[in-house]
Structures are given as structure tokens and as C-alpha cells.
Amino acid sequence: MNYKVIIGVFMDKITEIDDNYFMNEAIYEAKKSLNEGGIPIGAVLVKNGEIVGRGHNKLIQNNSAILHGELDAIENANKDARLTGEDYKKSTLYTTLSPCPMCSGAVILYNIPKVVIGENKTLLGAEKLLKTNGVEVISLNNPECKELLERYIKENPETWKKELEKVDNNTTTK
Ligand SMILES: [Zn+2]
């Protein structure tokens, strides 16, 4: 292995460690939602290795139609200081669940170049839409993200069913 390959492997390891660190922060947000009686999906927006926005799904607790974890994180990123176009272009969105078309739309609109997804087995989002628009998509297959949401669905089947019926049971690209 030449030194460039070694450095490459090293950088990949660092990226992996970072991705897991920030995904744990998104999981922390998902658990916050659960403690509020909401759906356990969380997200963080990271710019230059720093969390600039945190959020979680608030559909149930806020009687909201749009506050998914990703949108909540993007919204909260603007609470302290408004993000510029350049800020978004340097940001990565971490989300415990594959993002729906609405949240993917916000990622595309604000030119967020990378999305790291906890899991997409419980519900697949609009990953194709993201990729088609040049967004880098990384799936971590994180078991904790999956277990959290699966347990919630098992314990709250009616709530989950009602939410999914509103979108014709489809959160992929239409
Ligand atoms: Zn969404």
C-alpha cells in the first residue's frame, strides 16, 4: 500500500467515526420525540463538523403536517443565525429514517450535498430523488434506528397507520 492509499483508508475511518457520532445525536433526538409521545425519528444538520440544527418528528405532539425530523432540524438551524446558501452547501443532514419526498425536496432546494441515513428498511423514502439530483446518500443500516421505530409501530399501530394512510402508504418518489 502506498501512502496515498493508507491516508485514504485513514480518512474513510475518520468519516465513518464522524457518521456514527452524528447518527447517535440524531438517535438522541428520536428518543426525545418518543419521550414527548411522538414518533421516534430524529435528525441533525452538521456544518464543518459541527451540529448547527437538531430536530425530531413533531407530527403527533404539535398536531403538525410538516414537522418531520429533517425539516425540524433545518428549521432549528436558523434559530440562532440564519444560514446562507454557502452554509447549506457545506452541510450534511443526518436522519434516523430514509427521508420522504417533502424533506428530500428541502435538501435539494437548499443544495445540501450529502444525506446520511440511519435506516430505510422500516420505510423507504425518496432516496432515488436525492441521487437523481446529485445528492450523496449514505445508508448506515443502523440497528438502533430500526429497533426504535419498529418498537413504536408495534406499540402504536393505529397512530402509525393513520399517518401513513395520509400519504397513500408511500414515502418514495411519486
Ligand atoms: Zn420527511
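Modeller: Here is a walk through the fold, its helices and a few single residues.

Biologist: Before we start, what kind of model is this?

Modeller: This is a predicted model, and its secondary structure comes to seven helices and five strands. From the N terminus on, the elements run α-β-β-α-α-β-α-β-α-β-α-α.

Biologist: What about the overall dimensions, and how does the radius of gyration sit against a compact globule?

Modeller: The radius of gyration is 16 Å, which agrees with the value near 16 Å that a compact globule of 174 residues would have. The C-alpha atoms fill a box of roughly 55 × 35 × 30 Å along the principal axes, and 37% of the 174 residues count as buried. As for contacts between residues at least 6 apart in sequence, 54% of them join residues at least 24 apart.

Biologist: OK, the sheet next. What is the strand order, and what is the pairing?

Modeller: The five strands form an open sheet in the order β2-β1-β3-β4-β5, with mixed pairing. β2 and β5 (136–139) stand at the edges with a single partner strand each, so one side of each is left without a neighbour in the sheet. On average, and ignoring direction, neighbouring strands of this sheet are turned by 20° against each other.

Biologist: In which sense do β1 and β2 pair, and over how many bridges?

Modeller: They pair in the antiparallel sense over six bridges, and in one of the pairings alanine 43 has glycine 55 of β2 as its bridge partner. Helix α2 packs on the sheet and touches β1, β2 and β3, its direction making about 130° with that of β2.

Biologist: Switching to α1, how far does that helix reach from its first C-alpha to its last?

Modeller: Helix α1 covers residues 3–35, 33 residues in total, and reaches 48 Å, close to the 48 Å expected at 1.5 Å a residue. After the helix comes glycine 37, whose phi is positive, near 85°.

Biologist: And which residues of α1 are buried?

Modeller: They are Phe22, Met23, Ala26, Ile27, Glu29, Ala30, Ser33 and Leu34. What covers these buried residues includes the strands β1 (42–47), β2 (50–56), β3 and β4, along with the helices α2 and α6 (143–155).

Biologist: Where is aspartate 168, and is it buried or exposed?

Modeller: Aspartate 168 is found in the segment after α7 (157–165), and it counts as exposed because it has 8 C-beta neighbours inside 10 Å. Its phi is also positive, near 55°, in a residue other than glycine.

Biologist: Last one: what is tyrosine 88 in contact with?

Modeller: Tyrosine 88 lies in helix α3 (residues 85–89) and, leaving aside neighbours within four places in sequence, is in contact with Leu83, Tyr110, Asn111 and Ile112. Tyrosine 88 counts as buried because it has 21 C-beta neighbours inside 10 Å. Tyrosine 88 and leucine 59, which are 29 residues apart in sequence, are 25 Å apart in space, C-alpha to C-alpha.

Key. Residues are numbered from 1 along each chain as its sequence is written. This is a predicted model: local features need pLDDT of at least 70, side-chain atom pairs count only at pLDDT 80 or more; totals for chains, interfaces and linings use all residues. Helices (H or I, at least four residues) and strands (E, at least two) are DSSP runs, numbered from the N terminus. A residue is buried if 20 or more other C-beta atoms lie within 10 Å of its own, exposed if 12 or fewer, and partly exposed in between; C-beta atoms are placed from the backbone. The expected span of a helix is 1.5 Å times one less than its number of residues. Two residues are in contact if their C-beta atoms, placed from the backbone, lie within 7 Å. Two strands pair if DSSP finds at least two bridges between them. Axes are lines fitted to C-alpha atoms, for helices over the stretch in contact, and angles run from 0 to 180 degrees between N-to-C directions. The radius of gyration is taken over C-alpha atoms; the globule rule is 2.2 Å times the number of residues to the power 0.38.
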